[in-house]
Amino acid sequence: TTLFRSLVLPSRIVATLDQKISLFATVGCYFGIFLLANTLIVMHFRIFTAKQPTIHADAGLIAIFNRIITNSVEQGIIFFCLYGYLVFNGGRKTYHLVGIGHHYLVLLGFWFIISRFLFGVGYVIGYFVEILTVRAVGITLNVFINILIASLILGRSLFWLFEMFDYSLLK
């Protein structure tokens, strides 16, 4: 998270419009790179299988990556609507008043990208060995992030859940 935070917020505070735009654009950029990578994989498989999608059904892996792209776009729309409201509109109240520090804004974006990656990797692993755990962790993390953001927007912050843990054990 230190690398992600340093790429996004050199001052470690999300206060100015430029910092908010930078945060939102950076998370969007990483999400775009994730979608681009999946799209390139689909194109690669299409080129090497030489099958027209209008004539033939998609091969297994192509269908898997198409589902990853479709689900990620759907989840991305939900996330970025909620996240955009929190980043741009939530600042009017200041983050300490709504129960979230600026570092959580960065982490929410980072967790979203991680959740999409876990979902995608889990989908591919599930294709080969029929283990759904990684995919389930990815989509659950994604839904949890959206619920956290929605709770802030609705004025019922669930970030108190993080205060239950003793983080000194992680050091």
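So, Phe80: with a relative accessibility of 16%, Phe80 counts as buried, where buried means under 20% relative accessible area, exposed means over 50%, and partly exposed is in between, using a 1.4 Å probe and protein chains only. Before I go on, this is a predicted model, so to speak of local features we need pLDDT of at least 70, side-chain atom pairs count only at pLDDT 80 or more, and totals for chains, interfaces and linings use all residues. Residues are numbered from 1 along each chain as its sequence is written, and side-chain values use heavy atoms, with hydrogens and water left out.

Okay, back to the rings. Rings of Phe, Tyr and Trp (its six-membered ring) pair if their centres lie within 6.5 Å; planes under 30 degrees apart are stacked, over 60 edge-to-face, and the rest tilted. That rule gives twelve aromatic pairs here. Take Phe24 and Phe80: the centres are 5.5 Å apart and the planes sit at 80°, so we call that one edge-to-face. Phe24 belongs to helix α2 and Phe80 to helix α3, 56 residues apart, so this pair links distant parts of the chain. Helices, by the way, are DSSP runs of H or I with at least four residues, numbered from the N terminus.

Tyr83 itself is buried, at 0%. Ring pairs join up Phe24, Phe31, Phe79, Phe80, Tyr83, Phe88 and Phe112 as a cluster.

Now the core. A nonpolar core is a set of buried Ala, Val, Leu, Ile, Met, Phe, Trp, Tyr and Cys residues joined through side-chain atoms within 4.5 Å. The largest one has 28 residues, and Phe79 and Tyr83 touch the most other members. Helices α2 (17-49), α3 (60-89), α4 (102-129) and α5 (133-153) each put in at least two residues, with the largest share, ten, coming from α3.

Last bit: charges over rings, meaning NZ of Lys or CZ of Arg within 6 Å of the ring centre and within 35 degrees of the ring normal. Arg116 lies over the face of Phe119, 4.6 Å from the ring centre. Arg135 has its charged end over the ring of Tyr123, 4.2 Å from the centre.
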